[in-house]
Amino acid sequence: MAEKKDYYEVLGIAKDASEKDIKSAYRKLAMKYHPDKSDAPDAEERFKELSEAYAVLSDTEKRQKYDQFGHAGINGQYSQEDLFKGVNFEDLLRGFGFGGGSGGDGIFDMFFGGGRGRGPARGRDLRYDVNLTLEQAATGLEMTIDVPRTETCPTCSGSGSKPGTKPTVCSACRGTGQVTRAQNTPFGQIVTSAACGKCGGRGQIITNPCSECSGTGRVRKNRKINIKIPQGVEDGQHLKLRGQGDAAGPSGESGDLYVVLNVMPHPQFQRQDSDLFLEAPISITQAALGADVEVPTLSGRAKIKVPAGTQTGSVFRLRGKGMPRMQGLGSGDLHVRVRVKTPAALTDRQKQLMEALAAEFGEKKRAPSEKEKSIIDKIVDEVKSAVQ
Ligand SMILES: [Zn+2]
Ligand SMILES: [Zn+2]
């Protein structure tokens, strides 16, 4: 192997480079030489070189040793694992479109000897949708849902073997479920371990499969699950039920169940956070003279006091008649916007009254006729006697 390059040269920085300089030099070069991004034949080599230089120079103690003794201060002094300990490459490279995922992407596994995040498989997460009316969202409720999912086989308790029989120990991994592999890399020999291919990491081979589950240890079932929906939930929120998703098999962890809550639109009320909005029609006489007007709320009827001379678009607020807040901090308000309704079909008498009113407002081009005057006088007398 060629002589090892100077770490400062590898990163293209000065001997007195600051931590920030080191980091930005590494990020720039790592992006260029990441094997996922670069087709250069030596990309992987260069990337490892860069990462090692960064691991040493970003650590005060290792950098000091390197400055004093050169490669001799590092080589043989640290194991591969210790060399890279404390460097979160995935964090460093997040946002470049690689290495930031949760699974680890091989290149880092190689540095650390693999084995991260492996183990028995986990069951799938499931999604179940529930439709709620606005009233149900307001009060909260308990309900039973029927969820199709994969469960541990009851006949063999998930072992996959016919009851009374036993699986045999896997010969490939001697029952450990893991196979180790030594690999020569520029850093020396690295031992990686992986799940055994023959037994799928179980360490055992099923020779007499269970008849109910065909040796998988799992069966499909519709499971009734009680859920409690708190009051005040919003459209699109979900409940997470740990371990209620698909079973993984004999040794794995079950997935989670996500119950997604869809709050359906209401024909009358519009919702904005914990506030509700309602449009209520009022008559022209209620608008002109003022009145107590009954309006619907989510929990029965309520009254708003409409003062005389109210216009279309006026908003009245009913405190606490909105949606309950999820954290138990009371409720929002109901905002009632009134709309003055013009009567469309009048009786003869109502029409006479309207015309008399129009004359009174001076809206007629001519003076009121004798007949109209007598009607007005009659009405005024009627109203006076009614009010006294
Ligand atoms: Zn079974
Ligand atoms: Zn095996």
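Is tyrosine 7 buried or exposed, and at what relative accessibility? At 2% relative accessibility, tyrosine 7 counts as buried, the term meaning under 20% relative accessible area (1.4 Å probe, protein chains only).

The model is predicted: local features need pLDDT of at least 70, side-chain atom pairs count only at pLDDT 80 or more, and totals for chains, interfaces and linings use all residues. Residues are numbered from 1 along each chain as its sequence is written, ligands are numbered from 1 in the order in which they are written, and side-chain values use heavy atoms, without hydrogens and water.

**View 1. Tyrosine 7 and tyrosine 66 form a tilted aromatic pair.** Ring centres are 4.5 Å apart, with 40 degrees between the planes; rings of Phe, Tyr and Trp (its six-membered ring) pair if their centres lie within 6.5 Å, and planes under 30 degrees apart count as stacked, over 60 as edge-to-face and the rest as tilted. Tyrosine 66 is also buried, with a relative accessible area of 6%.

**View 2. Four cysteines coordinate the zinc ion (ligand 1).** Cys153, Cys156, Cys210 and Cys213 each provide SG, at 2.2 to 2.3 Å. Donors are N, O and S atoms within 2.8 Å of the metal (3.2 Å for Na, K and Ca). The donor angles of 104 to 114 degrees make the arrangement tetrahedral, which for four donors requires all angles between 85 and 135 degrees.

**View 3. The zinc ion (ligand 2) has a tetrahedral site.** Its protein donors are the SG atoms of Cys170, Cys173, Cys196 and Cys199, 2.3 to 2.4 Å away. The donor spacing along the chain is C-x2-C-x22-C-x2-C.

Technical notes:
Tetrahedral: all angles 85-135°; square planar, octahedral: opposite > 155°, others 65-115°. Buried < 20%, exposed > 50% of the residue type's maximum accessible area, 1.4 Å probe, protein only.
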